[in-house]
Amino acid sequence: MKKIKFLLGISVLVLVVYITSFGVMAADKPPVVIGLQGPITGPYAIEGEMAKQCVETAAALINEKGGILGGRMIEIMVVDDAMKPKESALAAIKLISKAVPAVIQTYGSSITKPASDIYERYKKVNIAYGATDTVLTEEGLEYFLRTCGRTDTQGNFFAEYVVNVFGAKRIAIMHDNQSFSVGLAKNTKKALQPKIDAGEVEIVYYDAITPGESDFTVPLTKLRETNPDIFYFTGYFPEAGLIIRQARNIGITCPFVGGDAALNDEFIKIAGLEMAKGCLMTQEALLKDIRYPEAVEFKEAYNAKYGYIPSSPWAVYAADALNVIAYAIDQTGSTDSDVLVDYLKNKLENFPGITGSISFDEKGDRIGTGISLYVVTDEGGFEIYNP
Amino acid sequence: MRVFLEQLLNGLTIGSFYALIALGYSMVYGVMKLINFAHGDLFALGSYLGFTILVLGTAYITSYLGLWGGMIAAMLIAAICLAVVGTLVERIAYRPIYPSGRLPAVVSALGVSIFLQNAIMVVWGPRPQAYIASVVPSAYIKMGEIRITLLQIIILVLSFLLMGILYYIIQKTTFGAAIRASALDRDTAALMGININTIIFFIFALGPALGGTAGVMVGMYYRKISFVMGWNYGLKAFTATILGGIGNIPGAMIGGLLLGILEMLGSVYISTAYKDVFVFIVLILVLIFRPRGLLGEKIAEKV
Amino acid sequence: MKENTNLKHKNIFIKNWSIIILIILLLLFPLTGNNYFIDVAFFFGIYALLGLSLNVVLGEVGLFDLGHMAFMAIGAYTTAILNTNFGIPIIILLPISALAAAGFAWLVCSPIIDLRGDYLCIVTIGMGEIVRLTLINNPFGITGGPNGVFGIDFPSLGSFFMIDSSTEFYFLIWIVVGLTILALINLQHSRIGRAWNCIREDEIAAEATGIDVRRYKLLAFILGAGLAGVAGNIYASKLMIVSPESFDFMESCMLFCIVLIGGMGSIPGVLVGAAAISLFPEVFRAFAQYRMLIFGSAMVIMMIFRPGGIWPRKRGAVEFKSLLLKAGRDDV
């Protein structure tokens, strides 16, 4: 009798699942739902949270002006990928199964890659906001675009400008084996090659640390022994904060430059202001320094809701991704991915985004992004470096 | 030479963290034959409690007691809280399961581990937290070319002090003999008149307390703490326990220190990336060729 | 006498019909057309297969294996690397991955198979970690480090048969699970299965009655690893990427819990356990942060109140009861 009751219980459960899955399918949604993938939990939650808030702010601005496709409101469906490749694939699978017309995805090139593979396979237009590895657009993906820049631009900037500013001859480059970091390191090395061949500079250290660790004294000791004039770290901010502290503690005194994923408020918090001030980074323009009318409007709206303006440039690229995709849907009157991709790559020109004018090339890259050199001020802010 | 000495010092510091955590594992396993998977997360909890006390209450503590006083106060408070939590965990999650055998105990311990880890995440947020600079002493001295922070010295001194006290209790007092007896054979010990409940209370209070102290120290040393740190340290500390001989208290201390040094030297001379692999291979070799660890006793299997 | 034969027949009748109904429900499920739920059911299937593979080791033989995901990792990475570098079709890689995982188990478990219960547990944890850490460090540049190996194809036979939709993956995994269940039930009733259970109950007595304990334990590991390797292959082609964090200690713990919470050695129990583990996050999605708190406490509560598992294995208990009734005892 007990067993029969038990079996009955299980069958009821199964039936409930059955019926609800039918039911969910039947409802039709008037709003246009755009997917957003990001690291909402985990060590990179600060990026994911800001991206979510930026995209929602941008959507609210559009909705206030009347929405798209004749009055349909934009809704954002956020899926967490915790900055892990497997979670990213799962997030992509989930968003595809929910049949959203487009996806804005994610922070971290190594996390973007598996998602973009899945979106490509299922033919879903996806725009990246925090993935600058050159490899992503070199493999002929049709449905992938990005509103952020590429690491070769950054590598060139380091080689041309930063090295000159500090008159550095002995260069130490440290990465963390993840796609973006490796890509930036490689591109920097490539950009430095002409100077290396001319005998002007020398790369004295080129190695990796393991992300997720907390003790880097061993590789840092090796770096110290090579006596560099400048230390370029191309990894991410959780490690960067610890690295600068440990580096200074064991006696590395040369200028510390981070790539565009290495320095932010979390970095300053982890490293402590004492160690963080004076550190530099090669970075796309921060929102506070952008003056376009769209940027001003966005800053006001975001500040009104949250009390500060976003410090991450990537979150702002996410907002721009939303602006651009909403515009494309509105202009083409369609939510079909092929139509949207064709429009974005071939017909969109000089769309006024928060971060400037947006157009995409055939590969899906954004045309015309720039890099600056920022320094951490004594108060813990970021300013453009004046040598 | 400089590198070797620096890394030796590092290894000792990390080793003392492992040792303090390993003591908790060893005591519990020795007496209860239970691998307390939640122990690592108790250590993490200690770290977070220290964070709360120091960083969030920073004005009060450090203004009254100074940096060092603040650290000691944080460790004491963390230790006491962890002792309470540890005994609660035992009472709620483990005691009802003893009659059901070993496997349900493992699942229960895993459940507690998941619960604690996520409780930390819920209370303190999913982002890693930092022991900010103003609560961490940064003074250092130089011996030759080697830079040793005062913090490192204090940590080493404190750890050895705690281990020394525990060693004394276990080896030289009657109560310690009672603990050792219970570890050897719980039922006979009970028959001999030893109050097992007191023993259990002691190990589940002291083990986590030591772990909590280690947590505060780790927080000050590395400055960055996250809610997943319990798992990593827990596993290494457990390896240290095995290395020293499970159930053997001095063994846990030696195992911990040895593990720290092995890990550091392995990372310098073999490979930084594979240092954890190296540690685990050592563990497996020890288990295959000398399962009782360095100091453990041979235990015959009863038929 | 007559009543208890009727009772037995009635039990078998209910059992058979409920199995048939479940199979029909399983077949009809994709008709809902809701890809999201079909994907969830797919992952339920993966966990079911993994649970069954661990059940062979943990449930039947009683070996504490807390590093089981390492075998799945070997299978998944074998599939990933051979497919992306040499273009070998996924379907052909399925048996190859199973063999790779099984071979790995044979190699690695031979030296440690004699270890006692708890020590085996620790060694398997260590083994799982070694595999994961090695994968992260990208030896010989083939595993892609923390980024993993991406760009894995879908299973296909030429260009006319391709598994690329949620529904097709769903059927793939559940057909594999079904076949596995049939094979395992047969094993349970065979000499091997009985030897396994004997070893679990009392290893020394088993040895004393002439069972080659070492060989049977190793066999269990090899079989369990092979099945996990199959799961790895299918998982890899669904996700199009394999990365080290899919195979960490927490996942191995989940598998352990599936077998234990479901009921050791019990095949329906494993299915229930797999359902609990994979559907739990979905059901409790609304609670977001508190989800895992509830999960952890649920594990503890389960062990307090039902340490045998949700659906424990009743070995011969029913037959014994009817024997007693036949002999005239009416108090059982």
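This is a predicted model. Begin in chain A by colouring its two domains separately: 14 residues of domain 1 of chain A are in contact with twelve residues of domain 2 of chain A. On the domain 1 side of that contact, helix α4 (residues 109-121) of chain A is the leading contributor, giving three residues, the most of any element. For the selection itself, the assignment puts 32-149 and 289-358 of chain A in domain 1, and 152-283 in domain 2. Taken over C-alpha atoms, the centres of these two domains of chain A are 29 Å apart.

**Strand β8 of chain A**

Select residues 230-233 of chain A, which form strand β8. Which of its residues lie on each side, and are they buried or exposed? Ile230(A) and Tyr232(A) are on one side, Phe231(A) and Phe233(A) are on the other, and all four are buried. The pattern follows a general rule: in a regular strand, side chains alternate between the two faces of the sheet.

Strand β6 (residues 170-175) of chain A pairs with β8(A) in the parallel sense, over four bridges. Strand β9 (residues 256-258) of chain A also runs parallel to β8(A), and three bridges join them.

**Two positive phi values in chain A**

Select Met83(A), in the loop between β2 (74-80) and α3 (85-97) of chain A. Its phi is positive, about 55°, although Met83(A) is not a glycine. Met83(A) counts as buried because 27 C-beta neighbours lie inside 10 Å.

Now go to Lys123(A), in the loop between α4 and β4 (125-130) of chain A. Lys123(A) is another residue other than glycine with a positive phi, near 55°. Is it buried or partly exposed? Lys123(A) is partly exposed, with 13 other C-beta atoms within 10 Å.

**Where chain B touches chain A**

Show chains A and B together. 19 residues of chain B are in contact with 23 residues of chain A. On the chain B side, α1 (2-32) and α10 (249-270) of chain B are the elements that give two or more residues. The largest share comes from α1(B), with four residues. This side of chain B is made up of nine nonpolar, five polar and five charged residues.

**Where chain C touches chain B**

Bring in chain C. 31 residues of chain C are in contact with 31 residues of chain B. On the chain C side, look at α5 (117-136), α10 (249-262) and α12 (291-305) of chain C, which are the elements that give two or more residues. The chain C side divides into 22 nonpolar, six polar and three charged residues.

**Chain C on its own**

Hide the other chains. Chain C has 13 helices and four strands, and 51% of its 332 residues count as buried. Among its contacts between residues at least 6 apart in sequence, 79% join residues at least 24 apart. The domain assignment of chain C gives domain 1 as 1-32 and domain 2 as 40-249; their C-alpha centres lie 31 Å apart.

Select residues 69-86 of chain C, helix α3. This helix of 18 residues reaches 25 Å from its first C-alpha to its last, close to the 26 Å expected at 1.5 Å a residue. Most of α3(C) is covered, with 13 of its 18 residues buried. Just after α3(C) comes Gly87(C), which takes a positive phi of about 70°.

**The largest nonpolar core**

Show all chains again. Which residues touch the most other members of the largest nonpolar core? Among its 328 residues, they are Ala318(A), Leu322(A), Leu49(C) and Cys257(C). Helix α2 (residues 35-60) of chain C gives the most to this core, with 18 residues.

Finish on Cys257(C). Leaving out residues up to four places away in sequence, Cys257(C) touches Val107(B) and Leu110(B) in chain B, and Ile277(C) and Met299(C) in chain C.

Terms used:
Residues numbered from 1 in each chain as written. Chains lettered and ligands numbered in written order. Predicted model: local features only at pLDDT ≥ 70, side-chain atom pairs only at ≥ 80, totals over all residues. Buried ≥ 20, exposed ≤ 12 C-beta atoms within 10 Å, placed from the backbone. Contact = placed C-beta atoms within 7 Å. Nonpolar A, V, L, I, M, F, W, Y, C, P; charged D, E, K, R; others polar. Domains from an automatic or database assignment. Core = buried A, V, L, I, M, F, W, Y, C linked by C-beta atoms within 7 Å. Expected span 1.5 Å × (residues − 1). Pairing = 2+ DSSP bridges.
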